[in-house]
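Dear colleague,

Please find the structure below, together with its sequence. My notes on selected features follow it.

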Amino acid sequence: MQYILDFIGATSIVDVHEHHMPEILLSREVNLLQLFQQSYAGWTQARPYPLPSEKRDDDPMLAGTGPTTWEALAPFLEKSGSNSFVRNLVSGILALHGSGEPAITRENWEAIAAKVREQHQKPYWCGQVLERAGIERLITDPYTDPLLDARGALGNNYHSVVRINAFACGWHPEARDHNGNQAHALLRRLGLEPASLDDYLVALEKIVDGMAARHQVALKNALAYDRDVAFDEPDEKLARQAWGKASPSPAERKAFGDLVVDRFCKIAAERDLPMQMHLGTAIIRGSHPLKVAGLVERHPRTRFLLMHLAYPWSRDLLGMAFVYRNIWLDLTWSLLLSPSHFKLALHEAIEILPDESHLMIGGDNWHVEETFATMKLARQLIGEVLEEKLEARYFRPEDAQRLAGKILRENALAFFKL
């Protein structure tokens with residue numbers, strides 16, 4: 001079955017989801033500890049988002065990192081060394097900065113750390129790594145700046161998305177989403193200062209109408225980190241009661257968010273723009289994919305890209321994708337969380353989905369080392385699944401190659417109209 005692995009290895013990838021941001025990607029002062037802290041490996045040490053019962057002042061992923069020491073690395077490598085996030089990142093670091101070592105150890109970490117610092121001083125390093133990973137184009141969610149023109153900031157192979165969280169929390173000029181973004185501050189950058197909720201809803205359309213000039217190709221709903229994802233039929237009367245209040249009631253906040261999300265979905269359908277949506281984990285008691293079924297059903301003309309296989313509810317998501325034909329699936333992140341679960345879910349997705357154009361892949365990373373490792377892992381796991389389909393005679397060789405090309409590249413080009 002080597003031919004399918006060779007085909008996958010030679011196919012360039014359109015990476016539909018990263019968190020590449022100028023302040024991280026373009027920094028020339030990157031150390032080994034940062035690669036761990038600003039990655040999913042970092043989640044093993046500190047969850048980067050608060051639960052409703054918690055408060056935090058800073059995002060631990062974006063906070064300043066001290067010097068690399070073995071004592072700082074050991075919790076990742078020895079306490080959390082069996083975790084898939086850690087193992088994936090270590091594989092990328094060793095492939096790019098190592099000298100054939102099988103692990104980062106107390107004996108070799110200093111040499112690897114020196115190589116990381118040396119390579120990141122080079123202005124072409126990130127581009128070189130992405131080219132080596134076989135990535136043709138990238139779509140990034142720069143959540144620290146939802147209005148970022150990633151092509152202008154990061155390079156011609158980038159597009160970005162508009163994360164809508166701040167706008168769904170924009171009932172008051174001082175209101176913020178979990179990333180610290182303020183809707184009214186973002187609107188002022190566009191010359192918009194809504195004095196009423198009606199003005200605010202009009203401003204949402206202007207945000208979308210300016211996306212093409214900023215090379216933004218989709219809207220992104222990551223509100224699973226801010227609230228329950230049950231976006232109910234809008235109660236506009238209750239939403240209006242939230243407007244202008246510094247501390248609306250929970251019901252008023254929810255109604256405001258429901259109204260804004262519903263409006264963005266309507267605008268997306270009118271402009272034929274995709275709506276990405278984070279599902280699974282996050283505020284886990286409120287992120288089950290079936291909670292968004294009402295929203296998907298109310299907006300049959302909106303193209304929803306539901307993300308991460310909604311882990312741990314992948315089968316529920318696949319059931320939804322069979323019923324609702326306006327759902328596409330982004331396999332991003334799920335392969336990092338559990339490669340074994342990813343393979344099982346991909347086997348089932350191949351068998352269940354009515355349309356094989358509805359699958360695509362991304363990295364969901366901050367540094368290029370993790371992106372490099374993730375794309376290598378994606379090729380490996382997709383190859384293993386297709387090999388198993390060939391061995392079971394579910395697929396002919398041409399079927400496996402056709403699907404691999406669609407998942408890695410062709411589906412994303414068509415879906416995002418790149």
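**Findings**

The side chain of R303 reaches the backbone oxygen of D272 at 3.0 Å, a polar contact (a pair of N or O atoms within 3.5 Å; within protein, one must be able to donate a hydrogen and the other to accept it, and residues adjacent in sequence count only if both atoms are side-chain atoms). This is a predicted model, in which local features need pLDDT of at least 70 and side-chain atom pairs count only at pLDDT 80 or more, while totals for chains, interfaces and linings use all residues. Residues are numbered from 1 along each chain as its sequence is written, and side-chain values use heavy atoms, with hydrogens and water left out.

R303 is located in the loop between α14 (293-298) and β6 (304-307); helices (H or I, at least four residues) and strands (E, at least two) are DSSP runs, numbered from the N terminus. R303 counts as buried because its relative accessibility is 13%, where buried means under 20% relative accessible area, exposed over 50% and partly exposed in between (1.4 Å probe, protein chains only). Leaving aside neighbours within four places in sequence, the contacts of R303 (heavy atoms within 4.5 Å) include D272, W328 and F415.

Turning to the aromatic residues, rings of Phe, Tyr and Trp (its six-membered ring) pair if their centres lie within 6.5 Å; planes under 30 degrees apart count as stacked, over 60 as edge-to-face and the rest as tilted. By this rule there are 16 aromatic pairs. F36 and F76 form a tilted pair, because their planes stand at 40°, with the ring centres 5.1 Å apart. F36 belongs to helix α3 (residues 32-37) and F76 to helix α4 (residues 70-79), so this pair ties together parts that are 40 residues apart in sequence. Both F36 and F76 are buried. Y40 and W366 make an edge-to-face pair, at 5.0 Å centre to centre and 70° between the planes. Y40 lies in the loop between α3 and α4, and W366, 326 residues apart from it, in the loop between β8 (359-360) and α18 (368-391). Both residues belong to one aromatic cluster, together with W43, Y49, F85, Y225 and W333.

Finally, strand β3 (residues 158-163) is largely enclosed by the rest of the structure, because 6 of its 6 residues are buried. Y158, S160 and V162 point one way from β3, and H159, V161 and R163 the other way.

Kind regards
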